[in-house]
Amino acid sequence: MRRLQLNLNLSGVIVIIAVGVLLPVMLATAAGIVALVLAEDAGGIITGVLVISFAVTAAGSALITVVLTGRKARLARRQEDFVASISHELRTPLSAIRLYTQTLQSGKLDADPARAAQCLETILREAEWLDVLVDRVLTWRASTRDQLPLHRVHAPVGAVIEGAAQRFRTLVVPDEMQFSCSVDSTLPVRHDPDALHAVVLNLLINAYKYTGVEKSIQLRVYDGEGEVILEVEDNGVGLSPVEARRIFQPFYRVGRRADRQTAGVGLGLSIAQYLVRQHKGRIDVRSEKGKGCTFVIHLPMAKESK
Ligand code: ADP
């Protein structure tokens, strides 16, 4: 409803500008040209030139107004989508937490400690999801203002990668996937451990979300020529070349809104790209539709020992 209103507002502005500005501008330009053609002295020429200059300035201003209004409307639409998706994302783990807590509270599982323990595990997992989500929104907010403080250390990244893999295991149901993590890297990298943790965790979560029932996910870290390479490979839905080019744009999600089954707000990869760039690295994806994805991050080796 609000989207319709926004579109109508935008169309209204365009019509008003077309009728209220462009028409008078065209008339003024025509009048200026006539004045110039019929000018018999310097006064006539000056009048013609002034009228045409005025018309050109008004046309330019109208064009700028249309462009700015369009941008504003697009921004408002994005914000609206964002608020809708984030509310939905927050509500899903919250509902699960409420449901499982009520089940435990009702005493129905008092005689079944194994199921009660499962309930608690789910509650913890959902709370972890909430934490990840809130982190993501805060990181996004800071990154758009370029105000994300990075606390860099000079060290190999193995421990951070293993930490991210460990956190990932707490977020998902282990029986639902085959997951391997191989760390074979000793080169030092100047990096912010929390930021790198967030990037790898996001790639792992995506690998999990965009893969069917038989999930197979591999995380690899190894040294290259003067750089450290991180790879996250999955056997999921994959991406077409066009999709692969667009996934790093903020708010971009593959597929039409109505078809989307998977939760998400379309910010994870743009944050990941921002953070990798802050480390002077780059992130790419190799993929084929239906054949999974491999996200690859290249981080330059630290040059000095400080
Ligand atoms: P979100 O997952 O919250 O939508 P992201 O920025 O992390 O946001 O990802 C953007 C989009 O890229 C996703 O909506 C999804 O369509 C696509 N995508 C990301 N990772 C994968 C993957 N491993 N396999 C297939 N598609 C992916």
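**View 1. Packing around helix α7.** The buried residues of α7 pack against α3 (113-144), α5 (193-209), β6 (282-287) and β7 (293-300). The model is predicted: local features need pLDDT of at least 70, side-chain atom pairs count only at pLDDT 80 or more, and totals for chains, interfaces and linings use all residues. Residues are numbered from 1 along each chain as its sequence is written, and side-chain values use heavy atoms, with hydrogens and water left out. Helices (H or I, at least four residues) and strands (E, at least two) are DSSP runs, numbered from the N terminus. Buried means under 20% relative accessible area, exposed over 50%, and partly exposed in between (1.4 Å probe, protein chains only). The buried set is G268, L269, S270, I271, A272, Q273, Y274, L275 and V276. After α7 comes K280, with a positive phi near 60°.

**View 2. The shell around the ligand.** The ligand is surrounded by 21 residues. A residue counts as near a molecule or strand if one of its heavy atoms lies within 4 Å of it. N206, Y210, R253, V265 and L269 are the closest. At least two shell residues come from each of α5, α7 and β7. Helix α5 gives the most, with 3 residues. By class, the shell holds 11 nonpolar, 6 polar and 4 charged residues. Here Ala, Val, Leu, Ile, Met, Phe, Trp, Tyr, Cys and Pro count as nonpolar, Asp, Glu, Lys and Arg as charged, and the others, Gly among them, as polar.

View 3. The side chain of D234 places an N or O atom 2.9 Å from a nitrogen atom of the ligand. For G268, a backbone N or O atom is 3.2 Å from an oxygen atom of the ligand. For L269, the corresponding distance is 2.8 Å. On its own the ligand has 530 Å² of accessible area, and the protein covers 98% of it. Accessible areas come from the Shrake-Rupley method with a 1.4 Å probe.

**View 4. N202 beside G268.** N202 lies in helix α5. Its relative accessibility is 4%, so N202 counts as buried. A polar atom of its side chain lies 3.5 Å from the backbone oxygen of G268. Beyond neighbours within four places in sequence, N202 is in contact (heavy atoms within 4.5 Å) with R136, G268 and L269.

Conventions. A polar contact is a pair of N or O atoms within 3.5 Å; within protein, one must be able to donate a hydrogen and the other to accept it, and residues adjacent in sequence count only if both atoms are side-chain atoms.
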